[in-house]
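The sequence and structure are shown first, followed by an account by topic.

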Amino acid sequence: MGDENRKQAMSEIRAADSSRPLPRARRLLVDRHTRVTRLTHWINLLCVAVLLMSGLQIFNAHPALYWGQSGADADRPAFEIGADDSGDGPPAGFTRIGSSIFTTTGILGVSRDASGEAVQRGVPRWITLPSWRDLALGRRWHFFFAWLFVANLLVYFAAGLASGHFWRDLLPSRRQLRPRFILRDIIDHLRLKFPRGEAARHYNPLQKLTYLGVVFVLLPLMIVTGLAMSPGMDAILPWLVDLFGGRQSARTIHFIAASLITLFVFVHVAMVLLAGPVNELRAMITGRFAIFVEDDHA
Amino acid sequence: MRNVRLPRRRFLALGAASLGGMLLSGCDRLSEAPDFQEFLASAEWLTYRVQRLLGGRHALAREFTASDLSPVFKVNGTRMPEGEEYAALREGNFADWRLRVDGLVAKPLEFSLADLRNLPQRIQITRHDCVEGWSAIGKWQGVPLAIVLARAALLPAARFVVFHCADVYEQTLDGTGQYYESIDLIDAFHPQTILAHSLNDVPLTIGHGAPLRLRVERQLGYKHAKYVMRIELTDRLDRFGRGKGGFWEDRGYEWYAGI
């Protein structure tokens, strides 16, 4: 192909490009979240934040996790955060998972107190509530907000069942559950490609499955593993603690589920930021979500 | 479009970070406010009511078998009570020790260790749950508190059982560092609430509360007072220590430690 021909071809392409009519996208505000969903969402956020941070305060009183009914200093924990002060220098923080040991000085095992001094401490002060070591106060925060968390979740469940929200919006359709569909959705997520137009009216399958997993598995699991740690509840419902293979197992599962919820929060917030934080936040505050649909009558 | 979005994004991130910081310091300030602490503590009443409603008086704590026993039962709290009085009792192998039962009872009584051993006994293998999070399983032997209380005959006004202990857990000027505990009459008459003198078939070691400790199996470890010297029946708890019903309760912990 000659140079002359190529130039001509390029200009033809450019002309064709600019002459193609732009898709006329119309901004449409649709009702996304009901009032109950929005209210319970924000109360839940408050509760989960307080519960995670006060939970870490409680965890700091004995930062080791076991499997089975019992577990204390003489028993081998499955997970442990500690400090090694056997050397000459300052103590070194470590985290042990099974038989793997990681040095985590500065964050886990050893971290700075309010005055900037390195002290032995499970998790650092900036993620505990209160920031100073106070198991009693951590428990007060934890149990108050645990009650609020349970009440809030019950309201959400009742409203979701009554309005059909769960079946309508959260249950994936049979088509969405096909492996090919899910695979495509995973690839879309990895490429940060979010549904636009009409498709944005509904949750995508990964979103649905994640929300279902959090709402119906992780959050209730936090409640029941929490109750299984209560000696009073263990007398009332002995099967509850058996369900998890013992009180210390329940405590370990409580910790794992809390970690998964934390992971969800990070991914959830990242998705909101990537998908358009203003639109997503407005939807969860006012209920109105903007979608862009092509105008057929243009 | 990009030029508009980037600062907006940065603004949101900055906003979220400073909001987070404000919330954290705000939570710390709230934590320090006595009124707010009272507010948070109101959940304890709800927990107590709901657990009592669901479990009634009689729900039993799980009992285990000998194969479940912890290889080492962790010693926690006081390891060796100070003071000459306890030292003298210890040297005499607690032969001179007497448990006094008084307060709102018709017949104030005293029991020696031998007296308690001669009363009907209960043996139970139970899980001890510390407020810190760990658990240990041990085999306890002792006399049900209900039997001792029945002998002393409670007066109608009695509502709580207070356990006075030999150990001073914290040195204070006003004497409020003395360990003590209290339970309601529902737990006091619960069949698994015993005055234990043995752990794992041997008399209590000093670390585990010799010569006598309380077992109140549906509550956390700090309720299980060690070194019990005196049991006092009372109608109110504000006369003792700093008024909250126990050494740890006076320092912010729940009086109802069923959770």
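Among contacts in chain A between residues at least 6 apart in sequence, what percentage join residues at least 24 apart? The share is 60%, where two residues are in contact if their C-beta atoms, placed from the backbone, lie within 7 Å.

## Basis of the model

This is a predicted model, in which local features need pLDDT of at least 70 and side-chain atom pairs count only at pLDDT 80 or more, while totals for chains, interfaces and linings use all residues. Residues are numbered from 1 along each chain as its sequence is written, and chains are lettered from A and ligands numbered from 1 in the order in which they are written.

## Chain A: overall form

Chain A contains ten helices and eight strands; helices (H or I, at least four residues) and strands (E, at least two) are DSSP runs, numbered from the N terminus. The radius of gyration of chain A, taken over C-alpha atoms, is 26 Å. This is well over the 19 Å that the globule rule (2.2 Å times the number of residues to the power 0.38) gives for 298 residues, so chain A is more spread out than a compact globule.

Along the principal axes, the C-alpha atoms of chain A fill a box of roughly 85 × 55 × 40 Å. Of its 298 residues, 30% count as buried, that is, with 20 or more other C-beta atoms within 10 Å of their own, C-beta atoms being placed from the backbone.

## Domains of chain A

An automatic or database domain assignment divides chain A into domain 1 (22-60 + 128-294) and domain 2 (72-126). The C-alpha centres of the two domains lie 31 Å apart. Seven residues from domain 1 of chain A and seven residues from domain 2 of chain A take part in the contact.

## Interface between chains A and B

In chain A, 34 residues are in contact with 41 residues of chain B. Helix 3 (135-163), helix 7 (231-236) and helix 9 (247-275) of chain A each supply at least two residues of the side that touches chain B. Helix 3 of chain A gives the most, with nine residues.

## A sheet in chain B

Chain B has an open sheet of five strands in the order 2-1-10-5-6, with mixed pairing; two strands pair if DSSP finds at least two bridges between them. Strand 2 (109-111) and strand 6 (178-184) of chain B stand at the edges, each with a single partner strand, so one side of each is left without a neighbour in the sheet.

Strand 5 (residues 160-168) and strand 6 of chain B pair in the antiparallel sense over six bridges. B:H164 stands opposite B:Y180 in strand 6 of chain B.

Notes
Buried ≥ 20, exposed ≤ 12 C-beta atoms within 10 Å, placed from the backbone.
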